[in-house]
Amino acid sequence: MSHGPRSGLAAVSAALLAMSRHLEVRDVLKTIVASARELLDAQYAALGVPDDHGGFAQFVVDGVSEEQWKAIGPLPRQHGILAAMLQEARPERLADVRKDPRFGGWPSAHPELADFLGLPIRDGDEVIGALFLANKVRPVGEHPPQPPAPRAEGRCGFTQEDEELLAILAQHAAIALTNARLYERSRELTIAEERSRLAHELHDAVSQKLFSLRLTAQAAARLVDRDPARAKCELQQVAALAAEAADELRAAVVELRPAALDEDGLVATLRTQIQVLDRAHSARVTFAARGIRALPSAQEEALLRVAQEALHNALRHSAAEHVDVTLDRRGPGAVLRVTDDGTGFDPKAIRRAGRHLGLVSMRDRADGVGGRLTVESAPGKGTTIEMEVPGG
């Protein structure tokens, strides 16, 4: 190992502490990959979480730029050495991965890999991921050729000591990843329970008034011809019942402020929800937040609800391949931007057709907190929804 015993122990400790700080799965994966690459002096590191369809539900890399990653293309499938680590659950240490008979090539934009170290991440008997490193960085004074060449005498740059260190990291990665999954599952159950509670409240508080409203309206319809005065009184009662039902509904919705918003704040809540959507949909959904400070609760809830509505539209109606959500500080306030590369629409035509795609609701939420909502879209040009809110 390139570190001395004390510095190596400190580096392992720092990596384990970093993993324990995160609860969201994607954050845990990124921390594992970055820690492994730093600990073992590798040029590249990656971690794949398999799905049940021969691919990867998630695949996180470190050492590859965003531009390179986009140029590489779709996520890899479970094949070659990656499949061997997942199926046979054994470590792989190779002097040159390109010379292995299982090597099947990679996309043209993929960086060249030579020496390779990979281990499965196991939770008991289940393999829940594969962690691998490539291109061991040469000691100071040694300069690796481009593309990398196999080591002298066919030796892998990664040592047995490196493998043992990575095995320790993989064991703790399994614990961190399992804990993060359990945390997200508990959050999803909390959301489901909250929805169930709201359904019961709506049934008890609103449906009775709606039932009375319907009966009163039917009575008014029967009285219109033979007793217009009584029909007018019944219609006044209809209006009163409708107003009461609206008030009850508004109260139930206001009460449904997400618990996560109070516990974790806007940024963490949005990140978690977007990660769930990224896994659940074929479109790539990303999130970035920069310089955000805590905002008044009304502003945070309005931003969250508008983000949810905009994401729903993008993922369900636009056929988008990419949806990007950003939250940036702007003065004492913040600006939310949801951009997709989908089919887009003509906002004026949408209004004329009486279909709003939730735009009225989003504008109302923005207006309600003193904010501003803008919508930019055109057929075939995607959509950008931006909402700016003031600070406290």
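**View A. Five strands form an open sheet in the order β2-β1-β5-β4-β3, with antiparallel pairing.** The edges are held by β2 (56-62) and β3, each of which has a single partner strand, so one side of each lacks a neighbour in the sheet. Direction ignored, neighbouring strands of this sheet are turned by 15 degrees against each other on average. The model is predicted: local features need pLDDT of at least 70 and side-chain atom pairs count only at pLDDT 80 or more, whereas totals for chains, interfaces and linings use all residues. Residues are numbered from 1 along each chain as its sequence is written, and side-chain values use heavy atoms, with hydrogens and water left out. Helices (H or I, at least four residues) and strands (E, at least two) are DSSP runs, numbered from the N terminus; two strands pair if DSSP finds at least two bridges between them. In total, the chain has 10 helices and 10 strands.

**View B. Strand β4 (residues 116-123) is mostly covered, six of its eight residues being buried.** Buried denotes under 20% relative accessible area, exposed over 50%, and partly exposed the range in between (1.4 Å probe, protein chains only). With strand β5 (residues 126-136), β4 pairs in the antiparallel sense over eight bridges. In β5, F116 has A134 as its bridge partner, and R122 has V127. The two strands form a hairpin with two residues between them, and G124 in the turn adopts a positive phi of about 70 degrees. Strand β3 (residues 92-94) is joined to β4 by three bridges, and these two strands run antiparallel; the partner of E92 in β4 is G118.

**View C. Helix α2 (residues 25-39) lies across β1 (42-50), β2 and β5, at about 40 degrees to β2.** Helix α4 (residues 80-88) also packs on the sheet, touching β1, β2, β3, β4 and β5, and its direction makes about 140 degrees with that of β5. Contact is taken as heavy atoms within 4.5 Å. Axes are lines fitted to C-alpha atoms, for helices over the stretch in contact, and angles run from 0 to 180 degrees between N-to-C directions. In the loop between β3 and β4 lies D100, which is buried because its relative accessible area is 12%. Not counting residues up to four places away in sequence, D100 touches I81 and L94.

**View D. An open sheet of five strands, with mixed pairing, has the order β6-β7-β8-β10-β9.** Here β6 (284-290) and β9 are the edge strands; each has a single partner strand, so one side of each is left without a neighbour in the sheet. Strand β7 (residues 322-330) and strand β8 (residues 333-340) run antiparallel and are joined by eight bridges. In β8, the bridge partner of T326 is R337.

**View E. Helix α8 (residues 297-317) lies across β6, β7, β8, β9 and β10, running at about 5 degrees to β8.** This helix has 21 residues and reaches 30 Å from its first C-alpha to its last, close to the 30 Å expected at 1.5 Å a residue. The expected span is 1.5 Å times one less than the number of residues. After α8 comes A319, whose phi is positive, near 55 degrees.

**View F. I274 is located in helix α7 (residues 259-280).** This residue counts as buried because its relative accessibility is 2%. Not counting residues up to four places away in sequence, I274 touches V285, T286, F287, L311 and V325. I274 and F287 are 13 residues apart along the chain, and their C-alpha atoms are separated by 6.9 Å.

**View G. In helix α10 (residues 359-368), the buried residues are L359, M362 and A366.** They lie on the same side of α10 because they cover an arc of only 65 degrees around the axis. The arc is that of the directions from the helix axis to the C-beta atoms. On the other side of α10, D364, D367 and G368 are exposed. The buried residues of α10 pack against α8, β9 (372-377) and β10 (383-389). Just after α10, G370 has a positive phi of about 75 degrees.
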